[in-house]
Amino acid sequence: MKLLHIDASALGAHSVSRGLTAAVVAEFVRNHPGIEVTYRDLHAAPLAPWALPAGDDDPNAAEGAKALEEFLDADVVVIGAPMYNFGISSTLKAWIDRIAVAGKTFRYTSAGPEGLAGGKRVIVASSRGGIYAPGTPAAAMDFQEPYLRALFGFLGVTDIEFVRAEGLAMGDDHKTNAIGGAMAGIGGLLRKAA
C-alpha cells in the first residue's frame, strides 16, 4: 500500500491541519505494516503555478510530472487543507493544477467527462477558524470542502472523507474541543476501512 501525505498550511508548528494529517498517517502506519509513505510539504517546497509554457520549455514540467506520478501511484492520499479566505491555500491549488491533467486523471468523452484516478481513498484534514458546516449560518461561504469534493469526484475519486476541526479562532476551549473531536474521529476512519 502507498500513501501520499500532503501538507499545505503556512503555520508550521502552529498548524492544526498538519497535526491532523500527522495523526491520520501515524494511524495508517500503525495499522498497515510496510505501508510506503511519500511526504510533500507544499508550503516548504511549493510547486510553481501552472502556466502555458513559452515555446516548448516548461521549467516546472519535471516537478509537476513528479507530483502527478506521486498522486497516481498512491492508494491513499491524506491532505492537510486549512481554510484560507473561505477556500484552499494557493499552494494546494498549485498542486491540484499539476494533478488535474487531461488524459492522465480525467478525460472528456462524448458522454461527458470521465475521471481516471478512481480506486484511491482521499482523506482531507480540514481546519477552519469559524464554523462552516452544513446547516450553519456561514455554510454558504464554504468554498473549501465543496471544491475539494467536486475536484476529486471529477478525477474519479468516490472515496473522500473529511476530518474537520472548526471554530479554531473562537476561543481556547472551543479550539481544544474541536481538535479533540477531530482527533477522536481519526480512529473511526481506519476502523471503517477495516
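**Loop between S3 and H3.** I began with Phe86, which lies in the loop between S3 and H3, and found that in this predicted model Phe86 has a positive phi of about 75 degrees although it is not a glycine. I noted Phe86 as partly exposed, because its relative accessibility is 34%. Asn85 lies in the loop between S3 and H3 as well, and for this residue I read a positive phi of about 50 degrees, again although it is not a glycine. At 75% relative accessibility, Asn85 counts as exposed.

**Helix H3.** I then asked how many of the residues of H3 are buried. The count is 7 of the 10, so the helix is largely enclosed by the rest of the structure. I listed the buried residues of H3 as Thr91, Leu92, Ala94, Trp95, Ile96, Arg98 and Ile99. When I looked up what these buried residues pack against, I found S1, strand S2 (36-41), H2, S3 and H4.

**Largest nonpolar core.** The largest nonpolar core has 28 residues, and I wrote down Phe71, Ile79, Leu92, Trp95, Leu148 and Phe152 as those with the most contacts inside it. The elements that give two or more residues to this core are strand S1 (2-7), helix H2 (61-73), strand S3 (76-82), helix H3 (90-99), strand S6 (121-127), helix H4 (145-154) and strand S7 (159-165). H3 gives the most to this core, with 4 residues. I also noted a second, separate core of 19 residues, which includes Val24, Val25, Phe28 and Val163. For context I kept in mind that nonpolar side chains tend to be buried together in soluble globular proteins.

**Phe152 and its surroundings.** Setting aside its neighbours within four places in sequence, I found Phe152 in contact with Phe71, Ile79, Trp95, Ile99, Val122, Val157 and Ile160. Why do I call Phe152 buried? The relative accessible area of Phe152 is 0%, and because buried means under 20%, the residue meets that cut-off. Phe71 is buried too, with a relative accessible area of 0%.

**Aromatic pairs.** The structure holds 6 aromatic pairs. I looked up the one formed by Phe71 and Phe152, which is tilted, at 6.2 Å centre to centre and with 40 degrees between the planes. This pair links distant parts of the chain, since Phe71 is in helix H2 and Phe152 is in helix H4, 81 residues apart. Ring pairs also link Phe71, Trp95 and Phe152 into a cluster. Which residue lies over the face of Phe71? I found Lys120 there, at 4.9 Å from the ring centre.

**Largest pocket.** For the largest pocket I recorded a volume of about 200 Å³. Its lining consists of Trp50, Ala61, Gly64, Ala65, Leu68, Asp97, Arg98, Ala100, Val101 and Lys104. H2 and H3 are the elements that give two or more residues to this lining, and H2 gives the most, with 4 residues. Going back to my entry on H3, I saw that Arg98, one of the buried residues of that helix, is also among the residues that line the largest pocket.

**Ala22.** My last entry concerns Ala22, which is found in helix H1 (residues 16-31). Ala22 counts as partly exposed, because its relative accessibility is 39%. Where Ala125 is concerned, I noted that Ala22 and Ala125 are 103 residues apart in sequence and 9.6 Å apart in space, C-alpha to C-alpha.

Terms used
Residues are numbered from 1 along each chain as its sequence is written. This is a predicted model: local features need pLDDT of at least 70, side-chain atom pairs count only at pLDDT 80 or more; totals for chains, interfaces and linings use all residues. Side-chain values use heavy atoms; hydrogens and water are left out. A nonpolar core is a set of buried Ala, Val, Leu, Ile, Met, Phe, Trp, Tyr and Cys residues joined through side-chain atoms within 4.5 Å. Buried means under 20% relative accessible area, exposed over 50%, partly exposed in between (1.4 Å probe, protein chains only). Contact means heavy atoms within 4.5 Å. Rings of Phe, Tyr and Trp (its six-membered ring) pair if their centres lie within 6.5 Å; planes under 30 degrees apart count as stacked, over 60 as edge-to-face and the rest as tilted. A charge sits over a ring if NZ of Lys or CZ of Arg is within 6 Å of the ring centre and within 35 degrees of the ring normal. On a 1 Å grid over the protein atoms alone, a cavity is a set of points where a 1.4 Å probe fits but cannot get out, and a pocket is an open set with protein on both sides within 12 Å along at least five of seven lines; lining residues have an atom within 4 Å of a point. Grid points are joined across faces, edges and corners, and a volume is the space filled by probe spheres set on the points.
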